Amino acid sequence: MIAATGVRMRATAVAVFALALAIAVGGVVVVLLLEESLDRSVTESARSTGRQVAIQLIREGARDLSASDVASTGDTEAVTQVLDARRTPIASDPAIVGHPPLTAARPVAGREIVETLPLGLNGDNDDYRVVSQEVIGPGGPYTVISARSLEPVTEASTRLTLLLGLIAVPLLAIAGLAVYRAVGSALRPVERMRRTVAEISTRDLAARVPLPPGGDEVQRLAVTLNEMLSRLASAQAAQRRFVADASHELRSPLSTISTALDVSGRHPESTGDLVPVIARETARLRELVDDLLMLARTDDATDRPQRTEVDLDDIVRAEAERVRGESTVDVEVRAGPAKVYGSEAQLRRAVRNLVDNARGHARSRIRVSSALRGGFAVVEVSDDGPGVGPADRERIFERFVRLDASRQRGHGGTGLGLPIVAGIAARHGGRARYAEPDEPGARFVIELPVIELPMEE
């Protein structure tokens, strides 16, 4: 539950943070739009008030202009002032009677000047939107100054900000709780899968993770876990079979050697006759151990043998010459150029195993060839022996599998030669397989990816 709680808390924190960021950005945009709208409204109101006074000045001049004509709201939030040509106030809002000119701006006739100034009325330092315009009338020119306080705009934006903050707090709490519970509900099947996997022991891999409903990621995770458990069970079964078969194969030469030593101890005069038996079984035991070590290397994914460019045609020729010197069977060689990248020792071992397998079953002829075919380097080894039945052509690459014909002829070996070939081919990105022979007998093929050589200019 610790891991699940951590995921829930992180997901909740991210969701709450994202929502808070969205609310903050949205709130800033709303407040800015409100301030812009109210600001335009204040400016337009000041402009409208000044325009009314300007119209009266154009028609009648300032002779009959009174304080009531320029009075706005009766307080300092909206004030109007009229200046004569000497910049002397001749009419002012009752709230600012006797106040010096509100601004030093000198607008040109037909134009206006819009400013934001702290006028310092009533001892405060609030900003005002000040609109100044010059008009020509009887006794003119005149400067009409209309100012409106921006404090309502500030108050409105402050109230809206506080309101959005108050709304955001419960909204974030509700969203956090909803995400926390939703993530917990989503992780509940994962926790059940974890408990099931934790209860599966290495001795019994038959249990499987229950599949949750739906085709979402959690169900796919359960399917993947079940597939992994199936692979582990198969690997465990293969390992047990391998250990059992290896124990059986090792027991036979060890029993023979033990019996020979026991007879030699009781009958020293027969020691000379038992030496060949012990030597033969010791060689068989050494061969079996070597094959087991090679299989362990091919199974070990961490084993990284040194890899170089390898000419398979050279290996094919060398193995063919070796068999010619050790056997009476006819050996045909067709070594076409075939270069791959890999471990020369392992590839030589794979070709040797196929050649030795063919020699053990051939009646009179062995064919060994190498060539390039379809982007692969191909090595083929065939013989004119009894061949392999269709039912055994896949099974022959399994470990410790020896066909009845091999057992009868006494050339069964350890039953690990072809599995070693398949393992080496797989380690080099290729495969080993049994191919349908063109003539009576058996044909084995190794296919490996060739080296991509750069093209010459």
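1. Glu344 and Arg348 form a salt bridge whose closest N and O atoms are 3.2 Å apart, a salt bridge being a side-chain nitrogen of Lys or Arg within 4 Å of a carboxyl oxygen of Asp or Glu. Because Glu344 and Arg348 are four residues apart in helix α7, about one helical turn separates them; helices (H or I, at least four residues) and strands (E, at least two) are DSSP runs, numbered from the N terminus. Glu344, at 39% relative accessibility, counts as partly exposed, and so does Arg348 at 27%, where buried means under 20% relative accessible area, exposed over 50%, and partly exposed in between (1.4 Å probe, protein chains only).

2. The model is predicted, so local features need pLDDT of at least 70 and side-chain atom pairs count only at pLDDT 80 or more, while totals for chains, interfaces and linings use all residues. Residues are numbered from 1 along each chain as its sequence is written, and side-chain values use heavy atoms, with hydrogens and water left out.

3. A search of the whole structure finds 29 salt bridges. One of them joins Asp39 to Arg129, with the closest N and O atoms 2.7 Å apart, and this pair links distant parts of the chain, since Asp39 is in helix α1 and Arg129 is in strand β4 (residues 127–135), 90 residues apart. Asp39 counts as partly exposed at 25% relative accessibility, whereas Arg129 counts as buried at 8%.

4. Asp392 and Arg395 also meet through their side chains in a salt bridge (3.0 Å, N to O).

5. An open sheet of five strands has the order β7-β9-β10-β12-β11, with mixed pairing, and two strands are taken to pair if DSSP finds at least two bridges between them. The edges are held by β7 (330–335) and β11 (431–434), each with a single partner strand, so one side of each is left without a neighbour in the sheet. Neighbouring strands of this sheet are turned by 15° against each other on average, direction ignored, where axes are lines fitted to C-alpha atoms, for helices over the stretch in contact, and angles run from 0 to 180 degrees between N-to-C directions.

6. Strand β10 and strand β12 (residues 442–449) run antiparallel and are joined by eight bridges, and Val381 has Phe444 as its bridge partner in β12. Helix α7 (residues 344–361) packs on the sheet, touching β9 (365–373), β10 and β12, and its direction makes about 20° with that of β10; contact here means heavy atoms within 4.5 Å.

7. Ser382 lies in strand β10 (residues 376–383) and, at 15% relative accessibility, counts as buried. Not counting residues up to four places away in sequence, Ser382 touches Ala358, Arg365, Ile366, Arg367, Ala442 and Arg443.

8. Phi of Arg87 is near 65°, a positive value in a residue other than glycine. Arg87 is placed in the loop between β1 (78–83) and β2 (89–92), and Arg87 is buried, with a relative accessible area of 15%.

9. For the protein overall, there are nine helices and 12 strands, and 36% of the 457 residues count as buried. Among contacts between residues at least 6 apart in sequence, 60% join residues at least 24 apart.
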